[in-house]
Amino acid sequence: MNKINYQKELDKVIEQVKRDGVTPTLLLHVCCAPCSSYCLEYLSEYFNIIVFYYNPNISYKEEYEYRLSEEKRLISEMKFKNPVRIIESRYDPNEFFGVAKGLENEPEGGNRCFECFKLRLNESCKKAKEIGADYITTTLTISPLKNAQILNEIGSACAENHGVNWLFSDFKKREGYKRSITLSKEYNLYRQNYCGCIFSKQQAEFRENKNDNPD
């Protein structure tokens with residue numbers, strides 16, 4: 001099976017947008033401000049963006065609210081060619097723990113993460129359908145620790161189920177992740193050291209302790 005180049009798929013849509021001369025609406029699921037920084041800078045050239053913040057996987061309400069406040073601050077401070085606004089969804093960690101049940105001991109990047117992706121992207125596709133967005137995608141593909149193929153497969157399946165258009169992406173490409181680091185420094189964004197859930201937090205703490213106390 002040939003591996004799909006998701007950046008080229010995104011390029012095709014952008015070229016069509018340019019030819020059409022009409023600015024479509026994109027619902028962009030975001031996980032945090034640092035990851036969204038490059039995505040917003042890049043995509044706002046071609047789309048009216050509705051940022052959708054739905055992350056019940058984030059452990060501890062204080063962490064959730066801090067990441068949300070940083071996202072709002074970033075949107076208020078960045079300059080965009082086209083409008084960007086944010087929709088905050090509900091915060092109910094039980095939704096995440098429900099899909100993670102029985103997968104608590106899975107390694108980071110395993111089946112527990114896949115179920116988390118399904119949860120968040122399915123809700124995002126529902127919202128895209130509800131508001132009539134032309135496209136939907138997620139910032140999650142910018143992370144070097146996340147599998148873009150899996151994310152696009154899950155996202156496109158959810159989008160098809162809800163009758164919306166999935167925008168394929170791999171925002172790591174063309175040094176997108178590197179640019180997000182630069183933008184995070186420029187806007188002094190809070191950069192967390194774990195994805196969001198209590199399990200990823202525990203694994204991050206284990207790695208840090210191991211590095212501090214090598215054998």
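How much space lies in the largest pocket? About 660 Å³. The model is predicted.

## The largest pocket

The lining of the largest pocket counts 31 residues. Ser 143, Leu 145, Lys 146, Tyr 194 and Cys 195 lie nearest the centre. Four helices each give at least two lining residues: α2 (33-43), α5 (111-131), α7 (176-186) and α8 (198-212). Helix α5 supplies the largest share, with six residues.

What is the make-up of this lining by class? It has 16 nonpolar, eight polar and seven charged residues.

## The second largest pocket

The second largest pocket has a volume of about 150 Å³. Its lining includes Lys 3, Ile 4, Asn 5 and Tyr 6. Lys 146, Asn 147, Ala 148 and Gln 149 also line the second largest pocket, as do Asp 170 and Lys 173. By class, this lining splits into three nonpolar, three polar and four charged residues.

## The nonpolar core

The largest nonpolar core has 59 residues. Which members touch the most other members? They are Leu 40, Leu 43, Phe 47, Ile 49, Ile 136 and Phe 171. In general, nonpolar side chains tend to be buried together in soluble globular proteins.

Take Ile 49. Leaving aside residues up to four places away in sequence, Ile 49 touches Leu 26, Leu 28, Leu 40, Leu 43, Ser 44, Pro 83, Val 84 and Arg 85.

## Thr 138 in strand β4

Thr 138 lies in strand β4, which covers residues 135-138. Is Thr 138 buried or exposed? Thr 138 is buried, because its relative accessible area is 0%, and the cut-off for buried is under 20%.

Beyond residues up to four places away in sequence, Thr 138 touches Leu 28, His 29, Leu 121, Trp 166, Ser 169 and Phe 171. Gly 155 is 17 residues from Thr 138 in sequence. In space, the C-alpha to C-alpha separation of Thr 138 and Gly 155 is 8.3 Å.

## Cysteines

How many disulfides does the model have? The count is zero. Cys 125 is in no disulfide, since the nearest cysteine sulfur, that of Cys 158, is 5.2 Å away, and the cut-off is within 2.5 Å. Cys 125 counts as buried, at 0% relative accessibility.

Cys 195 is in no disulfide either. There the nearest cysteine sulfur belongs to Cys 116, at 6.3 Å. Cys 195 counts as partly exposed, with 25% relative accessibility.

Most residues other than glycine have a negative phi. Two residues here have a positive value. Phi of Arg 174 is near 55°, and phi of Asn 188 is near 55°.

Where do they sit? Arg 174 is in the loop between α6 (148-162) and α7. Asn 188 is in the loop between α7 and α8. Arg 174 is exposed, because its relative accessible area is 55%, and the cut-off for exposed is over 50%. Asn 188 is exposed as well, with a relative accessible area of 63%.

Terms used: Residues are numbered from 1 along each chain as its sequence is written. This is a predicted model: local features need pLDDT of at least 70, side-chain atom pairs count only at pLDDT 80 or more; totals for chains, interfaces and linings use all residues. Side-chain values use heavy atoms; hydrogens and water are left out. A nonpolar core is a set of buried Ala, Val, Leu, Ile, Met, Phe, Trp, Tyr and Cys residues joined through side-chain atoms within 4.5 Å. Buried means under 20% relative accessible area, exposed over 50%, partly exposed in between (1.4 Å probe, protein chains only). Contact means heavy atoms within 4.5 Å. On a 1 Å grid over the protein atoms alone, a cavity is a set of points where a 1.4 Å probe fits but cannot get out, and a pocket is an open set with protein on both sides within 12 Å along at least five of seven lines; lining residues have an atom within 4 Å of a point. Grid points are joined across faces, edges and corners, and a volume is the space filled by probe spheres set on the points. Ala, Val, Leu, Ile, Met, Phe, Trp, Tyr, Cys and Pro count as nonpolar, Asp, Glu, Lys and Arg as charged, and the others, Gly among them, as polar.
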